Amino acid sequence: MKTCERLLAYAGVASASDEKSENSPSAPGIWEMARLLKNEMEEMGLTDVCLDEHCYLYASIPANIADDVPVLGFIAHMDVSSASPCENIRPRVVAYRGGDIVLNEEKNIVMREADFPVLRNYVGKSLIVTDGTTLLGADDKAGIAEIMTMAERLLADDSIKHGRIAIAFTPDEEIGRGTEHFDLKKFGADFAYTVDGGGFGEISCENFNASSARVTFTGRSVHPGTAKNVMINAQLLAIEFFAMLPAAERPENTEGREGFFLLDESGGSVESAFQKYILRDHDARKLAEREEAMREAARRINEKYGEGRAELKLTPGYRNMAEVIERHPFMVEIAKEAVRAAGGEPFIVPIRGGTDGANLSFMGLPCPNLGTASHNHHGRLEFACVEDMERVVEMLVAVNRRL
């Protein structure tokens, strides 16, 4: 089966994770995706196929050489983001001739080249898109499709020599819980790559340090007719708190290694309000400074309006995997050689987000990230390039040749 056909089939499974659920996995659609893949793995002839009680799917490709070489692993996640509509996905393939792409004429949903100049790299190629009413789910079903096609090719062609190859597909990466129940011993790899990035040739060996914050604001509600000098509107406390954070350091104003504060969710009333933030920075020291800025904003609110008006809870998240990967530079060099072998030119990109590979690296499994030939993740304008997905498969095959 072609990589494109796999992505088209996988995209139809509604497998968004649910941050509000305490289950593992967080949503039943992830089970559906896992069972589909398990059946495909078994029919393909992969060995050690195991779907565990937390919906982690493991499998192996047996070695076809006698040499004692390290076990290499490949990892992708089965859940998709719920940041945009993520059910009833209708993917299709379009021949891209340049310019804007009309995704949905009736609803006037257009992917504009001026907004997404990366499209210029794909003139003359075929793109997988949606009808503009949902995301595609290429993050990370493109990675799954590429790993599965790589496995099919290696099983069919014994002339490609390799050691044992470990494969794992995880749940709940999009809500930061993709490695909570990851079984390193069952996986059995010495080194691994997550296939969960952007364009073909992209290699990432660093990511954001992360933390999250929830601020609860307590107001005082009285009748508005007698509110003068008495009412304290919790919603306005929240607005004032937000205004204390630097506007230039929001996601829409940053790029590259620039960190940010993101107001991710908010709500409330006169009496009570809340805000949820995510804080990111590649530099751990700068992330600590962002956390301190949040504490200072809460202190100022309490100093002005009374103690307890703003209560801040900070929760640490993933760490920058560069701290681990820099001790294993050969992994990046192997990936670069593999990209070139597949006809591309490698480029290093710091992840402006997180990845299962970050947590896995600190768990003892060094795990850089590789591009999947897809873009605009988590949104209605997400797309993947058919031809470049095949080049990603060639790259993955080449990685195995080089270890």
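1. Helices (H or I, at least four residues) and strands (E, at least two) are DSSP runs, numbered from the N terminus. The structure is a predicted model, in which local features need pLDDT of at least 70, side-chain atom pairs count only at pLDDT 80 or more, and totals for chains, interfaces and linings use all residues. Residues are numbered from 1 along each chain as its sequence is written, and side-chain values use heavy atoms, with hydrogens and water left out.

2. The unreviewed UniProt entry lists H77, D139 and D196 under "binding site". These residues are spread over 120 residues of sequence, yet they cluster in space, with a largest C-alpha distance of 8.1 Å. UniProt positions are given in the numbering used here, feature names are shortened, and annotations may be inferred rather than shown by experiment.

3. D139 belongs to helix α3 (residues 138-156). Its relative accessibility is 10%, so D139 counts as buried (buried means under 20% relative accessible area, exposed over 50%, partly exposed in between; 1.4 Å probe, protein chains only). Beyond its neighbours within four places in sequence, D139 has contacts that include H77, D79 and D196 (contact means heavy atoms within 4.5 Å).

4. D196 is placed in the loop between β9 (191-195) and β10. D196 is likewise buried, at 14% relative accessibility. The side chains of D196 and H77 are joined by a polar contact of 3.3 Å. A polar contact is a pair of N or O atoms within 3.5 Å; within protein, one must be able to donate a hydrogen and the other to accept it, and residues adjacent in sequence count only if both atoms are side-chain atoms.

5. Under "active site", the unreviewed UniProt entry covers D79 and E173. Although 95 residues of sequence are spanned, the two cluster in space, with a largest C-alpha distance of 6.8 Å. D79 sits in the loop between β3 (72-77) and β4 (92-95), and E173 in the loop between β8 (165-170) and α4 (184-187). Both are buried: D79 has 0% relative accessibility, and E173 has a relative accessible area of 11%.

6. The side chain of D79 reaches the backbone nitrogen of E173 at 3.1 Å. The two annotated groups also touch each other: among the contacts of E173 are H77 and D196, while those of D79 include D139.

7. A further residue is E206, in the loop between β10 (202-204) and β11 (209-218). E206 counts as buried at 15% relative accessibility. Its side chain makes a polar contact with the side chain of R257 (2.5 Å).
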